[in-house]
Amino acid sequence: MFAAVARTVHRHINVDGVRVFYRESLPDRADAPVLLLLHGFPSGSHQFRGLIDALGSRYRLIAPDYPGFGHTRAPDGFTYSFDRLTDITEGFVRRLGLDRFVMYVFDFGAPIGLRIAERHPEWIAGLVVQNGNAYEEGLSDMARGLVDLTPDTPAAEDAIQGMLTLDGTRSQYETGVPDPDLIAPDGYTLDQHFLDLPGRKEAQQALFFDYHTNVEHYDQWHAWLRRHTPPTLITWGSNDPFFPEPGAHAYLRDVPGAELHLFDTGHFALETHLPEIAPLIADFLDRAWK
């Protein structure tokens, strides 16, 4: 008997002039739990293809691309900031008519998702946090150096542009991974394809210069977590060069009941540990969706 594989649709929807691309699984049940998948830098919704295949026949998984990423197209003059990416993601949720979901936050998805949670706590049935940092101790020295960059920092643009090359993109997938043979090249080569599109590197540079606003929100997000104590599952690649393991443990201060699982891998933990992480998410969805 074969395991069920999800049927997935690929669509666009207009949100405030942005043509948002998204993937959505079609589960067997109309009332299936909903998991909103918020991707990270420098990727897109395609990073969740394996997870959608694994869980999408049982749960409704929805993964949008932000402006400046993947197949989403933003108009000329769009302002690339984390507040604006949140505005578009919030509008996307409204356009789909979602009023309750578990939210998976990874990398850039964490500051976007936590902004959404602040705005609409009633929407959040639970959190799955995968290398999505919200704590000072979760910033490596490398990450702190990037956060501190401003347009006036000498050679700031060179530092950012160096991360947007194929070597830089590939290193984000492979650094900290004991067995790089587990990393399919498809992910980072597709990421690079999108990064090389006109205007994309400028969009990413603007987001890097705006990243400090996320750190400035940390105290607010900690207060939100303490106030609402959402059911929380943390799955973390311990060897992440940007967001090291202390960032995972830090969540337990504000959500003591969170479930924490650490994996001997890097930033893109799903690339190497999907067989271990997918069942954890399935079990969590069954418990959080009440």
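Predicted model: local features only at pLDDT ≥ 70, side-chain atom pairs only at ≥ 80, totals over all residues.
Student: Which strands pair with β3, and in what sense?

Tutor: Strand β4, residues 60-64, pairs with β3 in the parallel sense over 3 bridges. Within that pairing, Val34 stands opposite Arg60 of β4. Strand β5, residues 101-105, also pairs with β3 in the parallel sense, over 4 bridges. There, Met103 of β5 is the bridge partner of Leu36.

Student: What unit do β3, α1 and β4 make?

Tutor: Together with helix α1, residues 49-55, the strands β3 and β4 make a β-α-β unit, and the unit is right-handed.

Student: How is a helix such as α8 read for burial, and which of its residues are buried?

Tutor: An α-helix has 3.6 residues a turn, so residues three or four places apart point the same way. Helix α8 runs over residues 200-210 and is mostly covered, with 8 of its 11 residues buried. The buried residues are Arg200, Ala203, Gln204, Gln205, Leu207, Phe208, Phe209 and Asp210.

Student: What do the buried residues of α8 pack against?

Tutor: They pack against helices α2 (82-96), α4 (141-147), α5 (156-163), α7 and α9 (212-216).

Student: Now the pockets. What is the volume of the largest pocket, and which residues lie nearest its centre?

Tutor: Rolling a probe the size of a water molecule over the atoms shows where empty space is left. The largest pocket has a volume of about 260 Å³. Its lining has 15 residues, with Ala74, Tyr80, Pro198, Gly199 and Arg200 nearest the centre. By class, that lining holds 7 nonpolar, 4 polar and 4 charged residues.

Student: Which residues line the second largest pocket?

Tutor: The second largest pocket holds about 210 Å³ of space. Its lining residues include His46, Arg49, Tyr173, Asp186 and Glu271. Helices α1, α7 (185-195) and α12 (269-288) each give two or more residues to this lining. The lining divides into 5 nonpolar, 4 polar and 3 charged residues.

Methods: Residues numbered from 1 in each chain as written. Heavy atoms only, no water. Pairing = 2+ DSSP bridges. Right-handed = clockwise from strand over helix to strand, strands pointing away. 1 Å grid on protein atoms, 1.4 Å probe; cavity = no way out; pocket = protein on both sides within 12 Å on 5 of 7 lines; lining within 4 Å. Points joined across faces, edges and corners; volume = space filled by probe spheres on them. Nonpolar A, V, L, I, M, F, W, Y, C, P; charged D, E, K, R; others polar. Buried < 20%, exposed > 50% of the residue type's maximum accessible area, 1.4 Å probe, protein only. Contact = heavy atoms within 4.5 Å.
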